[in-house]
Amino acid sequence: MRLSYKTFLSFIITLFIVSCTYEGVGNDSSSPGGGGGEIDDVKSINLSISSENIEVNSEITFTILSDKNDLLTSSCKFFVNGTEISGNKFKPGEAGDYTVYATYKALTSSTKTFAASAQPIKNFKTNVLIEDFTGAWCGYCTRVAYKLGELKKLTSQVVVVAAHYGDALQYTKITEMTNAFGVSSYPHARLNRTAKWNESQSAVTSLYANSSKVGVLIESSLSGSTLSIKIKAKFAETFTDLKFGVFLLENDLLLDQRNYGDFGYGSDDPIVNFEHDDVLRVSLTSPLGDNIPSTSTKAGAIFEKSFTFEIPETYKKDKMDIVAFVTDKDKKSLNARHSEIGKTQTFEEL
C-alpha cells in the first residue's frame, strides 16, 4: 500500500516528538537521582558539627551539605575515630578528643574534632583589668586614681595596674604599651585593653556582671628574695590565638604628685609624698603577653607556667603583688587575677 506524502510526513513528525520526549526523561541535572536525598553532580561535601565541646553521654549531631548547599546527611556515612557509626548522631562514652568525617559516594569530607568532658564545663567569675596610664607630672591623674580607689572599695572584681610614664616610677616598657593601645594623652585608663574608660562605675560593673569562659589563678611563694610564681588558666570552651601576661606591682610608693583640683585628695599642688599604689614594676612576660599553645586552650584544658624572679633590694617585698591575665588575638583581656605574694588561689568557678 502506497502512503501519501502528507501521511508520511505526519508519521515522521510524530516519531521525532516521541523520540525526543523519551530521551529527555530523567536527564535534568537538577532533579533528584537515586532517592534517599542523593543529588547528581556533587563535587565536594562539607561537614558541620553541632558543638565542639560536649559532656560525656551527651549527643552531638553531624550534618552534610553539598558544594551547592543541598542537604545530603541521610545519604552519608559517618566515621568517629575511624569507625562507622549508625546515623548522624553520636554520644561519647568517655572523656577525650574525638575526630569525625563523612563519605558520600566516592567523596570524603574534611575531618573535624570535638572534645568530651567528664564533668560539666563551668564558667568563671569575671575580673576587669584596668590599666591606668599615669604620671606624677599629670595634674588630672589624681582624679582617675581616686575613682579607681573607690571602685576597689566597691568590688573585688577589678584588677588595677598603674603604668607610669615620665617620672621616677616609669615602667621600662611603657612605650610598647602606649603604642599598642593608642595612648596619646593623660589621664588614660583602659578597660580590658579594649576601650578608654569613661571614669563611670557602671562601665566597669557592666563588664564583670557577665561570666567568663576563661579562669585564672596565681600560686606564689617567697624564699629570701627569690619569688616563685605559677599561673594557671582554664578554659570553658576551645580557644585559639591566646596570650597570657604576668606583672609584678608595688604599693605605697611615695612621690610628689601634681594636682589641678580637689578630685578627692584635697587641692594642694603638688601633693607631697602622694601614695602611689598598684605601680607596674616588672613584667615577667611581654607586656602584651606571651603565646599560649593551642594544644593547651581546648575546653576543659588547663595551661600553666612557672616563673622565678629575684626581687631587687630597691623593691619592698612586703608591698608587692602579682597580676596575671589572658588576652585574645584582639588584645582583649578575657579574664585577670590579682594576688598578694605567698597566696595559693583556686579557680573562681561559677
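Student: Which residue meets Glu150 in a salt bridge?

Tutor: Happy to start there. A salt bridge here is a side-chain nitrogen of Lys or Arg within 4 Å of a carboxyl oxygen of Asp or Glu. For Glu150 the N to O distance is 3.1 Å, and the partner is Lys153.

Student: What kind of model is this, and how are residues numbered?

Tutor: This is a predicted model, where local features need pLDDT of at least 70, side-chain atom pairs count only at pLDDT 80 or more, and totals for chains, interfaces and linings use all residues. Side-chain values use heavy atoms, without hydrogens and water, and residues are numbered along each chain as its sequence is written, from 1.

Student: Is Lys153 buried or exposed?

Tutor: Buried means under 20% relative accessible area, exposed over 50%, and partly exposed in between (1.4 Å probe, protein chains only). Glu150, at 26%, is partly exposed. Lys153 has a relative accessible area of 68%, so Lys153 is exposed.

Student: Which residue pairs with Glu131 in a salt bridge?

Tutor: The two side chains meet at 2.8 Å, N to O.

Student: Why is the disulfide of Cys138 and Cys141 right-handed?

Tutor: A disulfide is counted when a pair of cysteine sulfur atoms lies within 2.5 Å. The sulfur atoms of Cys138 and Cys141 are 2.2 Å apart. This disulfide is right-handed because the torsion about its S-S bond is about 85°.
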